Number of protein chains: 2
Amino acid sequence: MPHKQPPGRPIPDIVVGRLPFYLRTLRSLAAEGLEITSSSELGDRLGLTSAQIRKDLSYFGEFGKQGLGYNISFLIVQLRRILKVDRIWEVVLVGAGDLGRAIANYHGFHDRGFEIRFVFDSDPAKVRQSLSQYTIQDIASLVEKVRAAKIRVAMLAVPAAAAQNVSDLLVEAGVQAILNYAPTSLVVPKGVYVQNIDPGAHMQRMTFYLEA
Amino acid sequence: MPHKQPPGRPIPDIVVGRLPFYLRTLRSLAAEGLEITSSSELGDRLGLTSAQIRKDLSYFGEFGKQGLGYNISFLIVQLRRILKVDRIWEVVLVGAGDLGRAIANYHGFHDRGFEIRFVFDSDPAKVRQSLSQYTIQDIASLVEKVRAAKIRVAMLAVPAAAAQNVSDLLVEAGVQAILNYAPTSLVVPKGVYVQNIDPGAHMQRMTFYLEA
DNA sequence: CAGTGTGAAGAGGTTCACAGCG
DNA sequence: CGCTGTGAACCTCTTCACACTG
């Protein structure tokens, strides 16, 4: 019986959201020299129950061996395939402020399937300057260049006031996934995926639980 | 009958997680000069249903008027109180790399209830250098200084390999809430809250949905 | 016999739909 | 008459518990 790779049941988005953390954890187990793990070891590391991990993985196939556990490198290969990061996605970064600089200098994305191809900014003082290994380009040329390069993934690191405009440009250029660092809700057409990063929201979520 | 401020029913964490986004949206409505809004207007802006917003708010009190909607500035006051950001929390930032620099230079936290008080790093070349308005301090003095200043909230922007060690120091110093930018799971005692920011995980969550 | 994979049971979260009020 | 606040219905997600297997 073959793997049920294209699964019959629909996959909850919340499960998809956990897979990157499973992958991240498996990679550190591998880096520690381990070859085999179990749902309970993964659960301990992640603060989840073993049942949840087994159930999540079971949406995609049967990756473990009863009585033994999971082969770490095999499971890494499977998760990279499932998340479609068994390749490198070219990414466009918009915004060359402090945050854009931190993103451009951060070398942790490559390992996870992403490589910045272009950096754009609207500030004439920044255009043609270099940032990390990139030359900052004028946002006026974004649509043309991103479309020509068939880039489908973007990171948005501009001020909130500019975010919706830039998002519209990205969509026009054919981008289908946007990681939005601006603290504002983007409106995008169906078929475009947005993930928001809002550190201030995370902070406020924690202070709720602190005693006055 | 007074407000049911300390509610009888337990509040789901997922509801708490949405409140900062309600607050953020209300503030932009206020900035647009509006005085009144409705659960459906908020829902439209946030991509949620109006019923969800009414239900979420009802955990904390009755803030609206039937037939009319919500007074924006009143609701802002209430949400700031609920989230305990009707004050300024002093924050310790650990890590003065590119990301730490972007965080230190970002002035959007103050409006949301947070102010950086100290910046620490372990690199002797960085200690005593200035970063934004701060002087980078030796991490060896972290526990003493953070404890003396009674700081309860931290941002962790160090490499993954150092994150658990620094987290242990923060906990020892009395910190109760940690915003963790390192792509690793922290182990902390009960009563310490951790929120993780992992852009790579968000990216992988989106590529799952992209056609090959 | 340790640990997976999975139906079934149990919690938890969302949406419905309408009473009630301004 | 419009919009809130909320039980009840509905749906989704998590945990349980055990048959099964290397």
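**Close-up views of chain A and DNA strand D**

**View 1. The surface near DNA strand D draws on both protein chains.** In this predicted model, at least two residues each come from α1 (13–31) and α3 (50–58) of chain A, and from α3 (50–58), β2 (64–65) and β3 (69–71) of chain B. Helices (H or I, at least four residues) and strands (E, at least two) are DSSP runs, numbered from the N terminus. The biggest giver is α3(A), with 4 residues. By residue type, this surface holds 6 nonpolar, 10 polar and 8 charged residues; here Ala, Val, Leu, Ile, Met, Phe, Trp, Tyr, Cys and Pro count as nonpolar, Asp, Glu, Lys and Arg as charged, and the others, Gly among them, as polar.

A word on conventions: residues are numbered from 1 along each chain as its sequence is written, while chains are lettered from A and ligands numbered from 1 in the order in which they are written. Because the model is predicted, local features need pLDDT of at least 70 and side-chain atom pairs count only at pLDDT 80 or more, whereas totals for chains, interfaces and linings use all residues; side-chain values use heavy atoms, with hydrogens and water left out.

**View 2. Side chains meet the phosphates of DNA strand D.** Of the DNA strand D atoms that come within 4 Å of the protein, 61% belong to sugar and phosphate. Look for Arg18(A), with a polar side-chain atom 2.8 Å from a phosphate oxygen. For Ser39(B), a side-chain N or O atom is 2.7 Å from a phosphate oxygen, and for Gln52(A) the corresponding distance is 3.0 Å.

**View 3. Strand β7 of chain A pairs with β5 and with β6.** Strands pair if DSSP finds at least two bridges between them. Between β5 (residues 114–121) and β7 (residues 134–138) there are 3 bridges, and the two run parallel; here Val119(A) stands opposite Ile136(A). Strand β6 (residues 130–131) runs antiparallel to β7(A), with 2 bridges, and Ser130(A) faces Thr135(A). In the hairpin of β6(A) and β7(A), 2 residues lie between the strands, and Ser132(A) has a positive phi near 50 degrees.

View 4. The mean pLDDT (the predictor's confidence in each residue, from 0 to 100) of chain A is 95, with 96% of its residues at 70 or more.

Notes. Near = heavy atom within 4 Å. Polar contact = N/O pair within 3.5 Å; in protein donor to acceptor, adjacent residues only side chain to side chain.
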